[in-house]
Amino acid sequence: MIKVLKPGLATSVQDLGREGYYHLGIPPSGALDHYAHAAANLLVGNAPGAAGLECTLMGPELEFQRDALVAVCGAQMTPQLDGVEKHQDTAFEVKAGQVLRFGFPKIGARAYIAIAGGIDVPVVLGSRSTYALGGLGGFQGRKLAAEDELPVGVPQRIKQPGTSLPMALRQSLGGEVALRVVPGLYDHRLTESAADNFYADTWAVGSEADRIGYRMKGGRALEFKERAQPFGAGSDPSNIVDSCYPIGSIQVPAGLEPIILHRDAVSGGGYAMIGTVISADLDALGQMQPNQKARFVVVTLEQALEARRAYKKRMSALINLFAS
């Protein structure tokens, strides 16, 4: 059992998500950074999709009620065990009664805490991930609160303290991020100059960025081509008759501030999607801090698929490293 002394800013139980229910309005949820989540789990002997904790910008304070093996990957939020700093990307022992705290993030937005055995909350629709907007999964369907007590499962494989990720398989976070975008489905609604400006400008992450969507600021406002609004669409020039939203899709209400939908986003609505951030870049998006800069880069569908293959190859290399 792990007792939550302080919950941090937005700490929740996540795994790799629940696929197959988006058509019913239930998003996949799961870790915003799949790679960091999987890496932390593998370091402590868990399956890559075991349930762990996702910590956003400010980590929790956790009191361990029994001995455990722990690893932290993702954002550089230095773990401190009873005040002693521990290395990230490396498994370390925690003794019963010890308290795990975290420093403020130097780089990245989300750290992932894996405990050998995983967080043993109930499986809901095939996943232990928290979908807080719907009160579904995780620990009582919400982010953590002080005095919560988290059950931990029985470790299935024994890993040794000090097990570490090789440098070649560690993430590179921070700096200006290039987010690759497949244009469409409604980019034809933009004027030619607006589309050019969208990809030429540098944008910054807004403070409102969360698991539902990342709001971007600082670029020029976008113009939509004039038209008579179709029956059923709203009066905003970016409104359309309702359509499905893919994860990663970009909408720009009133043409002012792009919103990139992420893993807790609703499945449809009435805003035009001018493009979709490719799946291979969603981890990087989830690690962006407020005010961090980004550029949008046009890619073809074939390039997006090649990037996805490269991402899966890197994930496979990570998993295979710990297979024995």
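Visitor: Which residue stands opposite Ile-113 in β10?
Guide: Leu-53 does. This is a predicted model: local features need pLDDT of at least 70, side-chain atom pairs count only at pLDDT 80 or more, and totals for chains, interfaces and linings use all residues. Residues are numbered from 1 along each chain as its sequence is written, and side-chain values use heavy atoms, with hydrogens and water left out.

Visitor: How many bridges pair β3 and β10?
Guide: β3 and β10 pair over 4 bridges, in the antiparallel sense. Two strands count as paired if DSSP finds at least two bridges between them. Strands (E, at least two residues) and helices (H or I, at least four residues) are DSSP runs, numbered from the N terminus.

Visitor: What strand order does the open sheet have?
Guide: The order is β2-β3-β10-β5-β8, 5 strands with antiparallel pairing. β2 and β8 stand at the edges with a single partner strand each, so one side of each has no neighbour in the sheet. From one strand to the next, the twist averages 35°.

Visitor: Which strands of the sheet does α1 touch?
Guide: α1 packs on the sheet and touches β2, β3, β5 and β10. Its direction makes about 155° with that of β5. Axes are lines fitted to C-alpha atoms, for helices over the stretch in contact, and angles run from 0 to 180 degrees between N-to-C directions. Contact means heavy atoms within 4.5 Å.

Visitor: How many residues of α1 are buried?
Guide: 10 of the 10 are buried, so α1 is largely enclosed by the rest of the structure. Buried means under 20% relative accessible area, exposed means over 50%, and partly exposed is in between (1.4 Å probe, protein chains only). What covers α1 includes β2 (12-14), β3, β5, β10, α3 (282-286) and α4.

Visitor: What about Leu-43, buried or exposed?
Guide: Leu-43 has 0% relative accessibility, so it counts as buried. Leu-43 lies in helix α1. Beyond residues up to four places away in sequence, Leu-43 touches several others, including Leu-69, Asp-89, Lys-159 and Phe-322. The C-alpha atoms of Leu-43 and Lys-159 are separated by 7.2 Å, although the two are 116 residues apart along the chain.

Visitor: You mentioned Asp-89. Where is it?
Guide: Asp-89 is in the loop between β7 (84-85) and β8. Asp-89 is buried, with a relative accessible area of 15%. Phi of Asp-89 is near 60°, a positive value in a residue other than glycine.

Visitor: Back to helices. At what angle do α1 and α4 pack?
Guide: α1 (residues 34-43) and α4 (residues 301-321) pack at about 10°, with their axes 10 Å apart. That makes α1 roughly parallel to α4. Angles under 35 degrees count as roughly parallel, over 145 as roughly antiparallel, 65 to 115 as roughly perpendicular and the rest as oblique.

Visitor: Which residues meet there?
Guide: His-34, Tyr-35, Ala-38, Ala-39 and Leu-42 in α1 meet Tyr-311, Arg-314, Met-315, Leu-318 and Ile-319 in α4.

Visitor: New topic. Which residues touch the most other members of the largest nonpolar core?
Guide: Phe-64, Val-70, Ile-113, Ile-115 and Ile-119 do, in a core of 27 residues. A nonpolar core is a set of buried Ala, Val, Leu, Ile, Met, Phe, Trp, Tyr and Cys residues joined through side-chain atoms within 4.5 Å. Apart from this core lies another, of 25 residues, among them Ala-109, Val-181, Leu-222 and Ala-294.

Visitor: And the barrel? How many strands close into it?
Guide: 7 strands do, in the order β12-β19-β16-β17-β14-β13-β20, with mixed pairing. The twist averages 40° from one strand to the next. α2 packs on this sheet, touching β12, β13, β16, β19 and β20, and its direction makes about 130° with that of β20.

Visitor: Which residues of α2 are buried?
Guide: In α2 (residues 192-200), Ala-194, Asn-197, Phe-198 and Tyr-199 are buried.

Visitor: What is Trp-203's bridge partner in β20?
Guide: The partner is Ala-294. β13 and β20 run antiparallel, joined by 2 bridges.

Visitor: Last one. What kind of peptide bond joins Gly-184 and Leu-185?
Guide: A cis bond, with omega about 0°. Leu-185 sits in the loop between β12 and α2.
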